[in-house]
Amino acid sequence: MKFKTLKGVQDILPPDISIWQQIEAASRAIFKTYGYQEIRLPIIESTDIFIRSIGETTDIVEKEMYTFQDKGGRSVTLRPEGTASFVRAYVEYHLYNEPPPQKFYYMGPMFRYERPQAGRYRQFYQIGAEAMGVEDPKLDAEIIAMLSKILKSIGLAGLNFEVTSIGCKECRPDYREALKNFLHDKLSGFCNDCQRRFELNPLRILDCKVPDCINLRKGAPSVIAYLCADCKEHFEKLKHYLGMLKVPHTINPNLVRGLDYYTKTAFEVTSESLGAQKAVAAGGRYDGMVDDFGGPPTPGIGFAIGMERIIPLIRDSIGKPETPDLLICPLGQEASEKGLLFAEQLRTRGLWVEANYESTSLKSQMRKANRIGAKNIIVLGEDELKKGEVLVKDMISGTVTKTSLDTGELAKIIRGEK
Ligand code: HAM
């Protein structure tokens with residue numbers, strides 16, 4: 001029987017893994033300069049956590065969650081995103097007692113039962129950041145600037161930063177009414193989901209992907225026109241700070257997020273080089289979630305980058321994967337054993353050394369050196385062992401250096417220190 005990965009799920013294998021590791025390392029380096037600390041959250045949580053925060057009438061909760069009963073009869077869900085899990089931990093461990101802003105990042109897999117297509121998977125990876133305890137839009141601007149820096153540092157260019165404000169619980173009821181008035185007469189033309197959501201959560205109609213619904217909602221009022229004084233001021237200041245920090249952005253009043261928890265600032269980073277799934281990262285403010293989860297009212301803001309969306313954009317430009325520093329090519333049984341020992345000693349000095357376990361022909365060992373991209377080789381034969389000397393061939397420049405069979409000397413030559 002042959003086994004295969006599930007639909008929408010993929011293995012990440014070398015050499016691609018080195019691109020993933022480079023992105024992760026670049027992100028970690030930038031998170032450090034902003035004081036974000038790593039947090040590792042469980043992949044499985046109580047289902048209620050996601051229903052409560054993401055929203056009962058969202059596509060994620062209604063259609064896309066991997067939810068099942070565990071053997072104890074509890075409803076559990078593979079996390080479809082990180083923010084809800086993060087806020088659960090934030091409240092559970094009273095992280096709000098630390099001086100604000102408390103800043104965290106996470107990396108890991110998320111699960112959504114979506115229809116797989118290019119850039120859309122059922123298991124996908126996010127790098128996320130969350131900052132808590134500060135209401136001031138300076139933090140919004142700073143976190144967007146940090147996201148921009150991360151994306152730039154991994155070589156992404158030509159991205160659009162789309163920013164909007166989606167109001168708060170003060171101004172949303174007015175907007176909700178205005179939207180309902182607009183949709184009311186057209187409602188029979190909308191899909192069943194939209195009709196059902198009209199009373200429950202009409203804002204979700206703006207997120208429907210059905211072409212007829214997209215057409216019918218053209219000209220719908222924009223939330224920006226309904227912002228309360230506080231939200232308006234927050235948004236104006238955010239735009240000012242983004243200008244100050246030189247983060248190029250456009251205001252997109254039609255930006256709709258697929259999660260209900262957002263308040264005020266919402267943003268999405270898109271790339272025209274991608275197909276239909278062109279959002280490479282997205283985020284926003286969620287000032288009510290901690291309160292909702294039983295913690296003290298605490299504002300929060302964050303984002304998540306979609307790893308699978310950025311890999312194809314940088315695959316060609318990112319540095320080549322590492323290759324071995326040295327391949328030891330033994331000729332004969334005794335040399336093969338010595339080679340094993342040298343390899344071990346050179347690795348202790350921090351070098352990546354490959355040893356040939358079987359003494360095959362020199363020609364086939366050279367072929368291997370080329371195939372694995374060895375930066376240097378040494379041929380270890382009877383003569384070399386007798387004289388205690390060896391030639392180190394630099395496979396890139398072609399230079400050959402004679403040295404004694406001493407691992408300290410060899411390491412220096414391989415490192416280019418001699
Ligand atoms: P989101 O917009 O649902 O936000 O996802 C963030 C990013 O994850 C998307 O922009 C996209 O790049 C990637 N993504 C989402 N779904 C898929 C998928 N099925 N396949 C591949 N990539 C995908 C959130 O998840 C929020 N938790 C972000 C956030 C953090 N907001 C505040 N803090």
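Is arginine 52 buried or exposed? At 52% relative accessibility, arginine 52 counts as exposed, where exposed means over 50% relative accessible area, buried means under 20%, and partly exposed lies in between, with a 1.4 Å probe and protein chains only.

The structure is a predicted model, in which local features need pLDDT of at least 70 and side-chain atom pairs count only at pLDDT 80 or more, while totals for chains, interfaces and linings use all residues. Residues are numbered from 1 along each chain as its sequence is written, and side-chain values use heavy atoms, with hydrogens and water left out.

## Domains

The protein chain is divided into domain 1 (16-171 + 227-314) and domain 2 (326-415), with bounds that come from an automatic or database domain assignment. The C-alpha centres of domain 1 and domain 2 lie 49 Å apart.

## Salt bridges

Side chains of opposite charge can pair when their charged atoms come close. A salt bridge is counted here when a side-chain nitrogen of Lys or Arg is within 4 Å of a carboxyl oxygen of Asp or Glu, and a search of the whole structure finds 30 of them.

| Arginine 52 | Aspartate 292 | 3.8 Å |

Helices (H or I, at least four residues) and strands (E, at least two) are DSSP runs, numbered from the N terminus. Aspartate 292, at 40% relative accessibility, counts as partly exposed.

## Strand β10 and its partners

In strand β10 (residues 279-285), 7 of the 7 residues are buried, so this strand is largely enclosed by the rest of the structure. Strand β9 (residues 263-271) runs antiparallel to β10 and is joined to it by 6 bridges, where two strands pair if DSSP finds at least two bridges between them. Within this pairing, alanine 266 has glycine 284 of β10 as its bridge partner. Strand β10 is also joined to strand β11 (residues 300-306), again antiparallel, by 5 bridges, and here glycine 283 has phenylalanine 303 of β11 as its bridge partner.

## The second largest pocket

About 240 Å³ of space lies in the second largest pocket. Of the 19 residues that line this pocket, the closest to its centre are Gly119, Tyr121, Glu308, Arg309 and Pro312. The elements that give two or more residues to the lining are α1 (16-33) and α11 (307-314), and the largest share, 4 residues, comes from α11. A pocket is an open set of points on a 1 Å grid over the protein atoms alone, where a 1.4 Å probe fits and protein lies on both sides within 12 Å along at least five of seven lines, and lining residues have an atom within 4 Å of a point.

## Backbone details

Two peptide bonds between prolines are described as cis: the bond from proline 14 to proline 15 has omega near 5°, and the bond from proline 100 to proline 101 has omega near -5°. Proline 15 lies in the segment before α1, while proline 101 is placed in the loop between α4 (83-92) and β5 (102-111).

Histidine 94 is also found in the loop between α4 and β5, and its phi is near 50°, a positive value in a residue other than glycine. Histidine 94 is partly exposed, with a relative accessible area of 43%. Lysine 246, in the loop between α9 (229-244) and β8 (250-251), likewise has a positive phi, near 55°, and at 68% relative accessibility lysine 246 counts as exposed.

Key:
Grid points are joined across faces, edges and corners, and a volume is the space filled by probe spheres set on the points.
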